[in-house]
Amino acid sequence: MGKINAAITGIHGYVPDYILTNKELETLVDTNDEWIVSRTGVKERRILKEEGKGSSELGTQAIKGLLAKTNTSAEDIDLIICATATPDMVFPSTACIIANKVGAKNAFAYDLMAACSGFLFALSTASKFIETGTYKKVIVVGADKMSSIVDYTERATCIIFGDGAGAVLLEPTEDGLGIQDAILRSDGAGMEFLHMKAGGSAKPASHATIDAKEHYIFQDGQPVFKAAVKSMADVSEEIMERNNLSADDVAWLVPHQANKRIIDATARRMGVGNEKVMLNIEKYGNTTNGTIPLCLWEWESKLNKGDNIILAAFGGGFTWGSIFIKWAYDSNK
Ligand code: UT7
């Protein structure tokens, strides 16, 4: 028997209908389309407007689509891991809410929190359950309603983020394809530059924290930008080196979509041309845990069995990482 790898055998994404354009943002804060596009690459983002709906709504829609297109029964799912920075509630986990909504009655489910790197951390975690032969069908969903924690009076932050979700089905394969390698890192010293001040156990919600706007994303953009450029490029280069991949060997780079300039810098360091870089930041902005699976979903028809794909992310924590995948199926069939 060959070594068991975890392979992505299906992918689906979901974004809400409402489009928040740069033009509309110009009516909320002192900004303009030219600044936003040139500094970030974002032209518009999707927003989940309906009252009472959170990240579980986005994740549920992505998983329902995934189950339908892969012809998978919800009851056959063993495990759902939801990577989210914007859970519906502090508890129960958003994964539990999603599992119930999609009818995954036999699955256990939990959330994994690593900010914008969460999808990679969850994918790597999920792969171990498959590689050890413990489970056969695991879903990883990255879902974030970033609009729920964005201050739409803060111009340096509100321009980047959007809402969305993507989900993948992982199954065992013994043909050498699937997830090959992962490099995951974290450094809590980065906390001071990117965090939410209140609403957790250290500083529970109160009238004072609401008045001080402490339930929104706090981001000191430049230090985060510098760390992101260096860290994402470092791990992407490292994973290529230790797997003997040249730039020519890489079919696709799938970067976290936080800022087009960070993505360009990562691709440059890897020596990978723009034509191999998945980029949809202009349509969706930074959907945190949604960015990487939303890219894979949109590019699915272009992916071929055996393609070498590098996923790379950086986010709050700080957390960052890269994963090397050999794509497991011809998607255009
Ligand atoms: O996904 C999680 C990880 N997060 C990231 O990777 C984000 C990393 N950081 C960034 O992408 C960038 O730092 C931002 C896009 C957030 C900000 O861009 P920046 O080039 O770092 O701008 P800045 O905050 O240093 O501001 C430069 C100038 C300032 O004006 P002055 O002080 O030079 O007069 C800002 O007030 O640009 C001004 N500015 C804006 N002007 C027009 C900041 N935001 C805006 C805006 N429109 N929206």
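Predicted model: local features only at pLDDT ≥ 70, side-chain atom pairs only at ≥ 80, totals over all residues.
Residues are numbered from 1 along each chain as its sequence is written, and side-chain values use heavy atoms, with hydrogens and water left out.

- Across the boundary, 49 residues of domain 1 are in contact with 45 residues of domain 2, where contact means heavy atoms within 4.5 Å.

**Around the ligand**

- Because domain 1 and domain 2 both give residues to the shell around the ligand, it lies between them.
- There are 22 residues around the ligand, and Thr31, Arg155, Gln222, Asn259 and Asn286 come nearest; a residue is near if one of its heavy atoms lies within 4 Å.
- By type, the shell holds 10 nonpolar, eight polar and four charged residues. Here Ala, Val, Leu, Ile, Met, Phe, Trp, Tyr, Cys and Pro count as nonpolar, Asp, Glu, Lys and Arg as charged, and the others, Gly among them, as polar.
- Helices H2 (33-40), H6 (155-158), H8 (221-242) and H9 (260-270) each supply at least two residues of this shell, and H8 gives the most, with four. Helices (H or I, at least four residues) and strands (E, at least two) are DSSP runs, numbered from the N terminus.

- A polar contact is a pair of N or O atoms within 3.5 Å.
- In the side chain of Asn286, an N or O atom lies 2.7 Å from an oxygen atom of the ligand.
- For Arg155, a polar side-chain atom is 2.8 Å from a ligand oxygen atom.
- Gly221 takes part through a polar backbone atom, 3.2 Å from an oxygen atom of the ligand.

**A covered helix and an exposed residue**

- Seven of the nine residues of helix H11 (residues 291-299) are buried, meaning under 20% relative accessible area, whereas exposed means over 50% and partly exposed lies in between (1.4 Å probe, protein chains only).
- Among the buried residues of H11 are Ile292, Leu294 and Trp299.
- Their cover includes strand E1 (5-14), helix H5 (118-131) and strand E12 (308-315).
- Ala208, in helix H7 (residues 207-211), is exposed, with a relative accessible area of 54%.

Technical notes:
Polar contact = N/O pair within 3.5 Å; in protein donor to acceptor, adjacent residues only side chain to side chain. Domains from an automatic or database assignment.
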